[in-house]
Amino acid sequence: MATSSSFAEIIKKDFLNCKLCFEKYYNPKALPCLHTYCEECLRKLVPHKTKVFQCPECREEVILSKGGISNLRTNFYINDLLNALQLNEKIDKMCNVCPPKWRHDRPAVTECLDCPSFMCQLCTDDHLSIPSQHQHKVLRLSDTSCDAEIHVRKKIYCAAHPKKEGGYFCRPCNASICDTCLVNSHSRHEALSMSKAAESSTPAVRELVGKLSTKVQSLTRSQDDLNAALEKLKAAERSIESKMVDAVAQVQSALFKQRDDIRKKMSDFVKQQEALYETAKADLQRQTKSAESTRDYSERVLRAGQNGSIVCLEKILGEQVRTLLAYQPPSMKEDIPKLVVTKDYMSQMDLFRIELGQEAAMQKIPPVPDQAPEHWQEFARFSSPELPPVQSPYENVAGNWLRPARRCNFTTECYAECNSKLTGVSMLNNGDIIVADEANGILKCYSIDGDFRRQIAIGDTGKDPCSVAVCGDLIACTAESKLYFLDYDGDRVRQLLLRGSESSYPITAYEDQYVVVSE
């Protein structure tokens with residue numbers, strides 16, 4: 001689909017360019033065959049004092065009157081179209097009268113409504129110095145307050161005689177006319193003097209001005225509402241940023257505290273073990289020193305050959321050896337500390353979740369009925385008396401009907417699997433969504449925004465999960481006639497055989513303590 005800007009470019013290229021000079025029309029003149037060309041292009045095409053020539057396109061003969069090319073009818077439709085497309089460009093418009101090599105350096109400051117042309121100050125002075133153009137209506141672009149002013153200034157002059165100010169208004173033609181047109185071409189039309197026409201149009205103009213004022217007030221209020229909404233949005237951004245900074249600081253503080261606690265425990269443990277090691281080391285050194293001194297003395301006695309001493313030494317050495325043999329060094333436990341990092345802790349670090357467009361989503365929710373649907377009342381009536389009454393999604397709590405906190409949808413296809421068949425859904429404690437995909441025989445985990453986290457296989461070949469529920473720190477799911485309990489990492493904790501011979505067993509969790517099985 002063409003945009004407004006591209007459509008304007010097509011109009012300019014195909015309808016507002018002269019077929020002789022291939023430039024934008026300048027003072028367009030219409031031939032009797034309705035083909036239009038620039039006045040200057042026609043002057044170059046038709047030799048001087050020539051009375052008859054052919055249209056460059058259709059070859060129809062054109063008979064010129066006494067005034068020649070200048071007396072051909074000006075194509076005001078082309079002029080109006082040029083002005084309409086140039087209204088929004090007038091401020092940045094360049095002079096189109098200067099020679100081409102200078103046009104890009106000279107911005108336009110005036111517009112001639114008779115030619116039409118945009119002119120720089122130098123060209124404006126030259127334009128008004130020509131006697132035949134003294135009566136041209138030249139507007140200074142900086143003096144025009146709005147687009148309507150340009151149209152009004154053009155329309156107060158006679159359409160057929162642009163140099164004459166219209167003193168009458170032709171109703172059928174909806175145009176200003178001069179006294180000449182009043183008695184000639186518009187003699188049979190309903191024409192009023194400008195004063196009477198103005199008197200007749202004043203009520204309608206006042207009514208339109210009132211509507212414009214009302215619309216301006218409405219637009220102003222809308223602008224104020226937009227400004228307030230934008231300020232509210234920015235305030236929400238600042239608040240969220242502040243909350244995130246505080247939350248990160250708290251998490252950081254908690255992590256640093258946990259780190260410091262671990263460091264202290266490790267330091268105390270090392271100091272305690274170091275004291276035990278030092279005590280055992282001192283005892284070993286004392287026993288070693290005693291054994292070494294006895295050995296050295298015994299060797300000296302043997303070398304001296306003192307018979308009496310050798311006899312006495314046997315008894316002493318026997319007691320020393322028995323004492324050493326009975327001595328047992330203190331046993332030191334090799335309990336080397338190990339740091340245990342929570343498995344897959346990064347996947348559980350979803351500290352923040354942003355909800356965008358919640359108000360818009362809430363507006364799309366169907367209106368809440370005045371009372372709960374009958375089928376919910378029937379369902380509640382036959383609920384088990386041992387459990388609290390089942391609360392319907394429309395339950396009135398303290399005078400307020402409950403609504404969904406959030407609605408979201410996303411595709412559950414992943415990798416090269418076959419088409420999914422979702423038979424159960426539940427929410428993990430960390431906010432992730434877990435679904436049972438019976439067609440692919442797996443459990444799949446997603447974030448609340450629909451990002452795929454991981455998949456969990458039950459483990460038994462051919463066992464396809466039917467239903468899933470989260471109960472505390474465990475994931476419960478059924479497959480055929482078995483109930484499986486898995487941890488968050490997917491490791492099987494326990495499995496039970498369900499009674500009955502049903503092909504599927506829907507389950508749900510109750511207060512994170514029980515798993516309710518529908519048999």
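Let me start with Glu438, which is partly exposed, with a relative accessible area of 26%, where partly exposed covers the range between buried, under 20% relative accessible area, and exposed, over 50%, using a 1.4 Å probe and protein chains only. This is a predicted model, in which local features need pLDDT of at least 70 and side-chain atom pairs count only at pLDDT 80 or more, while totals for chains, interfaces and linings use all residues. Residues are numbered from 1 along each chain as its sequence is written, and side-chain values use heavy atoms, with hydrogens and water left out.

Which residue does Glu438 form a salt bridge with? The partner is Lys421, and the closest N and O atoms are 3.5 Å apart; a salt bridge here is a side-chain nitrogen of Lys or Arg within 4 Å of a carboxyl oxygen of Asp or Glu. Glu438 sits in the loop between β15 (433-437) and β16 (442-446), and Lys421 in the loop between β13 (400-401) and β14 (422-427), so this pair ties together parts that are 17 residues apart in sequence. Lys421, at 47% relative accessibility, also counts as partly exposed.

Turning to Lys444, its side chain meets that of Asp437 in a salt bridge, at 3.1 Å from N to O, and both Lys444 and Asp437 are buried.

A further salt bridge joins the side chains of Lys264 and Asp268, again given from N to O, at 3.1 Å. These two residues are 4 residues apart in helix α8 (residues 194-304), and are therefore separated by about one helical turn. Lys264 counts as exposed at 53% relative accessibility, whereas Asp268, at 38%, counts as partly exposed. Across the whole structure, the search finds 12 salt bridges.

Next, the record: UniProt, in an unreviewed entry, lists residues 216-246 as "coiled-coil region", and such annotations may be inferred rather than shown by experiment. In the model, the chain over residues 216-246 is 100% helix and 0% strand, with its end C-alpha atoms 44 Å apart.

Finally, the protein as a whole. It has 11 helices and 23 strands, these being DSSP runs numbered from the N terminus (helices H or I, at least four residues; strands E, at least two). Of the 519 residues, 25% are buried, and the accessible surface comes to about 36400 Å², of which 55% belongs to carbon and sulfur atoms, as computed by the Shrake-Rupley method with a 1.4 Å probe. Among contacts (heavy atoms within 4.5 Å) between residues at least 6 apart in sequence, 41% join residues at least 24 apart.
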